[in-house]
Amino acid sequence: MGFEYSCTSIYNNKLSFVKILFKNTHIILLSSLLMLVVWLFGFNDVKEEGFTDCEGCPEMVIVPAGEVLIGSDQDEIGRKKGERNRIKAVIKAPFAMATTEVTLGQFRVFMEETRYKSKIPTYKGEPLVGCNYFDGKGYGYIAGHNWQNPGYPQREDAPVVCVSWSDAAAYVAWLSEKTGRTYRIPSAVEFEYASRAGSSAPWFWGTDPAKACDYANIGDRTFVERYPKRPAFPCNDGYVYTAPVKQFKSNAFGLYDMVGNAWEWTNDCFISDLGQTPADGSSQLGSEKECGFRTPKGGSWISGISWSRAAVRSKDGADYKSFMLGFRVAATLNKE
Ligand SMILES: [Ca+2]
Ligand SMILES: [Ca+2]
């Protein structure tokens, strides 16, 4: 009985082992198949979260399709006239946007590869040599100032400034040719949509100006030590001029410095009436003459509350260069 029991027991144990192994083999096979499916289909998803097309190319994230009410409420703090006649714009397809402003280092690659010569703007027939600068009392072009020397020290990972809209257009044309992907300057609607990242408040972080220094390099208390009597946010971000990119928290789309640091060119020709803005997210375009002014957005390290909000638009000549004005790139995603 004892022996029989043992033999039966061993037999039953072996049977159980085979059953478990058989059962587990199924599980292992099924798991492997599932992993293969996840890898095959999930791989593209991982790729779609973002990309960098080459060493020295801007890091891109995918901005989802969606809607945005551009402009500001009538009771918004610091509201300007050009933010009235709000329209709802619809971004029908996802697009890519650089996580940061184009840096000095990234722009340097372009300049070294192309030997590009920037156009010198004129004012009343006189050439404006150099780059526009504010010395604390007034603005003016300073000969000898340029993208490599805006009048203050910059690290290679700080946003390039003293670049015109035409320079930005040349950069995206070069980047497109280099990578085979269509890079472009974002439209004003795309910029505002991407900056808001779902927020209808003055800034993507909300309505509190005192929180600005967690999210942006703007005109703060550090800045006021250098430029007294300028309007400033009631906090301390630690930077008088530009900060290296990504020093502050990103917004919900993973974009940095959409408020402050450098002002950023958008592709839109400036129009006074916001209500005339294309509602499909494309750029407001016109003839070269009509496009004499383009539409920077986002404010900069010099901006107080009113000039830093998501809704605000500036107006600058296409060849204007300023020590507070740079750009970032967008890219059109290929349709499936
Ligand atoms: Ca600052
Ligand atoms: Ca910026």
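Reply: L104, Q106 and F107 are the buried residues of helix 2 (residues 104–114). Viewed down the axis of helix 2, these buried residues fall within an arc of 165°, so they line one face of the helix. That arc is taken from the directions that run from the helix axis to the C-beta atoms. E112 and E113, on the other side of helix 2, are exposed. A residue counts as buried with 20 or more other C-beta atoms within 10 Å of its own, as exposed with 12 or fewer, and as partly exposed in between, with C-beta atoms placed from the backbone.

Before going on, some bookkeeping. This is a predicted model, where local features need pLDDT of at least 70 and side-chain atom pairs count only at pLDDT 80 or more, while totals for chains, interfaces and linings use all residues. Residues are numbered from 1 along each chain as its sequence is written, and chains are lettered from A and ligands numbered from 1 in the order in which they are written. Helices (H or I, at least four residues) and strands (E, at least two) are DSSP runs, numbered from the N terminus.

Back to helix 2: helix 3 (165–179) is among the things that cover its buried residues. Contact here means that the C-beta atoms of two residues, placed from the backbone, lie within 7 Å. Just past the end of helix 2, R115 has a positive phi of about 55°.

Take V161: leaving out residues up to four places away in sequence, its contacts include W147, T242, A262 and M324.

A194 takes us to helix 4, where it is one of the buried residues. Nine of the nine residues of helix 4 (residues 188–196) are buried, so the rest of the structure largely encloses it. Strand 2 (60–63), strand 3 (66–69), strand 4 (88–91), strand 5 (95–98), strand 11 (263–264) and strand 15 are included in its cover. Just after helix 4 comes A197, with a positive phi of about 50°.

Some of those strands turn up again in an open sheet: five strands in the order 1-2-5-15-10, with antiparallel pairing. Its edges are strand 1 (50–51) and strand 10 (183–184), each pairing on one side only. Two strands pair if DSSP finds at least two bridges between them. Two bridges link strand 10 to strand 15 (residues 330–331) in the antiparallel sense, and Y183 has A331 in strand 15 as its bridge partner.

Elsewhere, strand 8 and strand 9 make a hairpin with four residues between them, and G136 in the turn has a positive phi of about 105°.

To step back, the chain has seven helices and 15 strands, and 40% of its 336 residues count as buried.
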